[in-house]
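Welcome! Take a moment to look over the sequence and the model, and then let us walk through them together.

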There are 2 protein chains.
Amino acid sequence: MASNAELTPGSATRGDRRGASMTALLDATAEILSEATRIEASLSEISKRSKVNSAMVKYYFGDKEGLFLALLDREAETAMKSLSELVSMDISATRKLRIHIQGIINSYYRSPYLNRLIHYVVESGRPEASERVSKVFIQPMMDAYRVIVAQGVAEGTLIDVDPGLLYYSLVGAADHIFFASYSVPTTLGAPSVDAKIKQQYTDLICTTFLKGLSPD
Amino acid sequence: MASNAELTPGSATRGDRRGASMTALLDATAEILSEATRIEASLSEISKRSKVNSAMVKYYFGDKEGLFLALLDREAETAMKSLSELVSMDISATRKLRIHIQGIINSYYRSPYLNRLIHYVVESGRPEASERVSKVFIQPMMDAYRVIVAQGVAEGTLIDVDPGLLYYSLVGAADHIFFASYSVPTTLGAPSVDAKIKQQYTDLICTTFLKGLSPD
């Protein structure tokens, strides 16, 4: 009957419903992880928040790890689409780098669980998780960095930095204030990273990297 | 009998033995964590490696989390002693910053588990863990950064950067290549971070921050 249903006009609606449930589950997981300082989201909490039966996690994603991987895929898709559009824009390399820095800090601000989740799935030991993270996040970023650095070298505004080393230094710097957010009261005397601190941090990272990597 | 023994001349030897067992347990834990990509060290593994009965973990440290905290204390003690000596040296602020950057990258190279372990104990939810990390790592680093930045501003070699924001950007940049070491084959085409890559990375971070934070 299920296969018949897929062939009827009703299948579009079924597909929509399926899509809506998957989105609700992913949204709920993202929400729960954003509120927590650790990667901890129980199936019952995800189910309650998304108003989708927890059995659907198994049906759509295999298990909770599969749900986490799907959430990473979704984050990556949005972020890498923007990055690839940025790279092909007709603007200077330093302007691209500045927009990119603003973009990743905004991503971590919106989804502070992002790097924690990446580490969680990589360290959960699934052989495919590490490859997937490489494929959806790291490889596209390396490609973009390679193009931006080459453009900057040609324009005389950037030194010929190794894109891999640039990746670690920039992503590490951009992420750490969110990753180690438990320490913000001690370091900055503020309860948490707010929009103003985020802006100050973005300015500092832009200054440090754009000036630090300039050839003059 | 135990309390009598503590009053006899033999108690020094007992104290030495206690110290040796504690050191063996800490060394074994550090070794196991250095080899792993995650914070995972079983009591039986620690016991086997240290040749100290696993019951001693309970006796000396309360539990495994206590052992982890003691390992962090030991790491912090060494690192913060060096940092405080560096700060009081009669050299320029930029020279201090350069030596400090080399120092933290060397620490992460030797003990790649360091930041993972900090996060592990902070996220394990013990109320005292977060405070302890602040007290032994973050507060002393903030104090040092405050002094170095003020000196650099006075010497005309550094901009007046917020020490807390400098802390996040610098520590995040220095750490990320070790923290995300699973991706090194993808980014750098090398099996792992070796001495040569570590040196290249150190040079890049020094260049980026010293030049990036200079007022000219």
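Predicted model: local features only at pLDDT ≥ 70, side-chain atom pairs only at ≥ 80, totals over all residues.

Residues are numbered from 1 along each chain as its sequence is written, chains are lettered from A and ligands numbered from 1 in the order in which they are written, and side-chain values use heavy atoms, leaving out hydrogens and water.

**Where the chains meet**

The size of an interface is often given as the accessible area lost when the parts come together. Here chain B and chain A bury about 4100 Å², with 66% of it on carbon and sulfur atoms; buried area is the accessible area (1.4 Å probe) that two parts lose on being put together, summed over both. Between chain B and chain A there are 14 residue pairs in polar contact, both residues at pLDDT 80 or more. A polar contact is a pair of N or O atoms within 3.5 Å; within protein, one must be able to donate a hydrogen and the other to accept it, and residues adjacent in sequence count only if both atoms are side-chain atoms.

A:Thr208 sits in helix α11 (residues 195-212) of chain A. Is A:Thr208 buried or exposed? At 1% relative accessibility, A:Thr208 is buried, where buried means under 20% relative accessible area, exposed over 50%, and partly exposed in between (1.4 Å probe, protein chains only). Not counting residues up to four places away in sequence, A:Thr208 touches A:Leu213, B:Thr208, B:Phe209, B:Gly212 and B:Leu213. A polar atom of its side chain lies 2.7 Å from the backbone oxygen of A:Leu204.

**The nonpolar core**

The largest nonpolar core has 141 residues, and B:Phe137 is one of those with the most contacts inside it. Such a core is a set of buried Ala, Val, Leu, Ile, Met, Phe, Trp, Tyr and Cys residues joined through side-chain atoms within 4.5 Å. Leaving aside neighbours within four places in sequence, the contacts of B:Phe137 include B:Leu72, B:Met80 and B:Ile118.

**Salt bridges**

Over all chains there are 10 salt bridges, each a side-chain nitrogen of Lys or Arg within 4 Å of a carboxyl oxygen of Asp or Glu. Between chain B and chain A the count is 0. Among the 10 are these:

| Pair | N to O distance |
|---|---|
| A:Arg49 and A:Glu31 | 2.7 Å |
| A:Lys81 and A:Glu85 | 3.2 Å |
| B:Lys81 and B:Glu85 | 3.3 Å |

A:Arg49 in helix α3 and A:Glu31 in helix α2 of chain A are 18 residues apart. By contrast, B:Lys81 and B:Glu85 both lie in helix α5 (residues 64-87) of chain B, about one turn apart. B:Lys81 is exposed at 53%, whereas B:Glu85 is partly exposed at 43%.

Terms used
Contact = heavy atoms within 4.5 Å. Helix = DSSP H or I, 4+ residues; strand = E, 2+ residues; numbered from the N terminus.
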